[in-house]
Amino acid sequence: MNPNMNLDMNIDSFVGVPLLIAAGLGILLILSFLVAKIRNSGKPSFILYLASGIFVSGAVYTYFQPSIFYLVVIILLVEVVLLLYSLIMAFGNPQKREEKKNAKKQAELKGFIDANSVSKEVFQAEKDRFNRIIEVNKELIAKASSYFTTEDSMEKFLDYCNNLLTERVNADGCVILMADDFDNLLAVKSLKGTFPPPYKLPDDLPHKPLRVETNLRFAQFPLQDNVFGEIATGGEPVLVTDSVKDHRIYQNGPEDFLKCGSYIFVPIKQQEGVTGVIALSRDPGKEKFTTKDLETAVILTEATATAMKPLNSFLTYAEHKKLTQGGDIASKIQKELIPAKLPVIPGLGIGCFSTAAENVCGDFYDIIVSRKDRISFIVGDVAGKGMNSLTIMLMIRSILRLIVNTPQSAATILAWANRGICNETMKIDHFASIALVNYNSITKEAQIATCGNNLVLLYSSAEKTIKQVSMMTEPLGVEKDSVYNDINIQLNSGDILVACTDGVIESLDENGVQYSSQKLEKIITSHVNDSAKNISNRVKDDLKKYIGSNQQFDDTSLLVIKVE
């Protein structure tokens, strides 16, 4: 074999090594171009990236497909690319290239300036909008504070906001509706200008301007099946430019004053949620509302909601203070009405307590010793609080004190008192639950009559049982023809009568569970050997322990009568 041939074969077997080295150097070359561009230390041409890329890919390909042909082709491609680039550089016009570069720079600079100008305009617009919001809020809060000491403060403030909205949005009419938390309804609180109703009018309502306006002024809307309710439920402002094509707007025409134009609806939002809706209208013959009008309405509505918060808080405080002041006076009077010292009745033990949930107690008890054969025990629960309940309490107490001296039965006495209360024409509530026990100390007979829901329990010492003897009937003051029944009971030594208001058995613990008549009965039967006074104290202590720190909203009163 030829020695030179062996040498050539050995050299060819290592040809892949320099190819890999060349490919690696090519990759380093590309990376160096990228670093130069990133650091802005140089601007390598795209041609250099292309030539380097061709060389690296060709070297790698030749490594896996060993052939001198592939290598030569790769070198030729690289040379062609570089040759074209060098020809352009050698014979091109450097001035034009410079002008082209400058033009590109100018275009980039102009784009930056334009973008910066747009940003400044947007910023200025937002700044102006923010200033408008601040000014409107300051104006409405200052206005709301001026109504703190006036009558109908909220109504006057809403009328002011209505006028402001109508003027600023250039509307023909505006209506403000507020939500009722208990009935889930929206009620109209302020109406200004011409506002074609966007809801279906009652079929029997004459289409006359005054009748339609009156219907809207006193209308209430549920939270569905009408546009006001849908806006309150959705919680987003709505612009209606074409009311004819909007399914939420009902067309009541054909009268001109009923034809609907464009509308703006904005929910009144506060921390607790949507509390109302403001709606603006523009007549169909005029220019329609725009998105700018909507933006103005939203700003004014948000300011209205903000200003309403402190006004509401002040009105709540003022009302509470008024009730407290009146309650202090009424409380002093009421304390004079409750017996300061229980009468001593031979053969009978008495225990009682009365606790007010807030200020003046709506409960009362009374013990009237008319004669030996009639001692009247009364436990009452008057509807309401404060001066109103005190007024009714005084009336009922006075009537009962007059007629218990008659020979009439307990049921008849309640019927007479009921007729007297029902004949009153006062606007305040005059309802009461009464338990009346007429006791004959000679025969130890008790005659019981009740109205309303006051509870009367009887513990029988002979049978060792406790049961309810009171009957549920209409309260005092509902119907003048109400009929009440007498319950006659022969009492024996050790028997116990307990009368209480519903506040006792309906007292709530911290979990909202009622005390119940069963718990009351258990305390009584557990202490039947105690005195009447001790039994009432046991009930009071157990009730207090059961309630704990939970706030109570009803008064509690209890009267214990024990035959000794």
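# Briefing: cores, helices and salt bridges in a predicted chain

Aspartate 293 and arginine 282 are both buried (under 20% relative accessible area, against over 50% for exposed and in between for partly exposed, with a 1.4 Å probe and protein chains only). The model is predicted, and local features need pLDDT of at least 70, side-chain atom pairs count only at pLDDT 80 or more, while totals for chains, interfaces and linings use all residues. Residues are numbered from 1 along each chain as its sequence is written, and side-chain values use heavy atoms, with hydrogens and water left out.

**The chain as a whole**

- The protein chain has 14 helices and 16 strands; helices (H or I, at least four residues) and strands (E, at least two) are DSSP runs, numbered from the N terminus.
- Of the 564 residues in the protein chain, 41% are buried.
- The accessible surface of the protein chain is about 32,200 Å², and carbon and sulfur atoms hold 57% of that area. Such areas come from the Shrake-Rupley method with a 1.4 Å probe, and for residues only the protein chains shown count as cover.
- Among contacts (heavy atoms within 4.5 Å) in the protein chain with a separation of 6 or more, 67% are between residues 24 or more positions apart.

**Nonpolar cores**

- A nonpolar core is a set of buried Ala, Val, Leu, Ile, Met, Phe, Trp, Tyr and Cys residues joined through side-chain atoms within 4.5 Å.
- In soluble globular proteins, nonpolar side chains tend to be buried together.
- The largest nonpolar core holds 27 residues, and Phe157, Ile176, Ile264 and Leu280 have the most contacts inside it.
- At least two residues of this core come from each of helix H6 (153-168), strand E1 (173-180), strand E5 (262-270), strand E6 (273-282) and helix H9 (291-337). The most come from H9, which gives 9 residues.
- Another core, of 26 residues, lies apart from this one and includes Val212, Phe221, Val240 and Ile249.
- Not counting residues up to four places away in sequence, isoleucine 176 touches several residues, including Leu158, Cys161, Val188, Ile268 and Val277.

- H6 consists of 16 residues and reaches 23 Å from its first C-alpha to its last. This is close to the 22 Å expected at 1.5 Å a residue, where the expected span is 1.5 Å times one less than the number of residues.
- Buried residues in H6 include Met154, Phe157, Leu158, Cys161, Leu164 and Leu165.
- Just after H6, asparagine 170 has a positive phi of about 60°.
- Leucine 191 lies in strand E2 (residues 185-193) and counts as buried because its relative accessibility is 7%.
- Leucine 191 and asparagine 163 are 28 residues apart in sequence, and their C-alpha atoms are 9.4 Å apart in space.
- Leaving aside neighbours within four places in sequence, leucine 191 is in contact with Asn162, Cys174, Val175, Glu213, Leu216 and Arg217.

**Salt bridges**

- A salt bridge is a side-chain nitrogen of Lys or Arg within 4 Å of a carboxyl oxygen of Asp or Glu, and by this rule the count comes to 12.
- Aspartate 293 forms a salt bridge with arginine 282, the closest N and O atoms being 3.7 Å apart. This pair links distant parts of the chain, with aspartate 293 in helix H9 and arginine 282 in strand E6, 11 residues apart.
- Aspartate 366 and arginine 401 meet through their side chains in a salt bridge (2.9 Å, N to O). Aspartate 366 is in strand E8 (residues 363-371) and arginine 401 is in helix H10 (residues 386-403), 35 residues apart.
- Aspartate 366 is buried at a relative accessible area of 1%, whereas arginine 401 counts as partly exposed at 33%. Salt bridges that share partners join Asp366, Arg397 and Arg401 into one network.
- Aspartate 256 pairs with lysine 259 in a salt bridge, with 3.3 Å between the closest N and O atoms. Aspartate 256 is exposed at 60% relative accessible area, and lysine 259 is partly exposed at 38%.

**Loops with positive phi**

- Aspartate 225 is not a glycine, yet its phi is positive, near 65°. Aspartate 225 sits in the loop between strand E3 (220-222) and helix H8 (227-234) and is exposed, with a relative accessible area of 74%.
- Lysine 444, also not a glycine, has a positive phi of about 55°. Lysine 444 is in the loop between strand E10 (432-440) and strand E11 (445-451).
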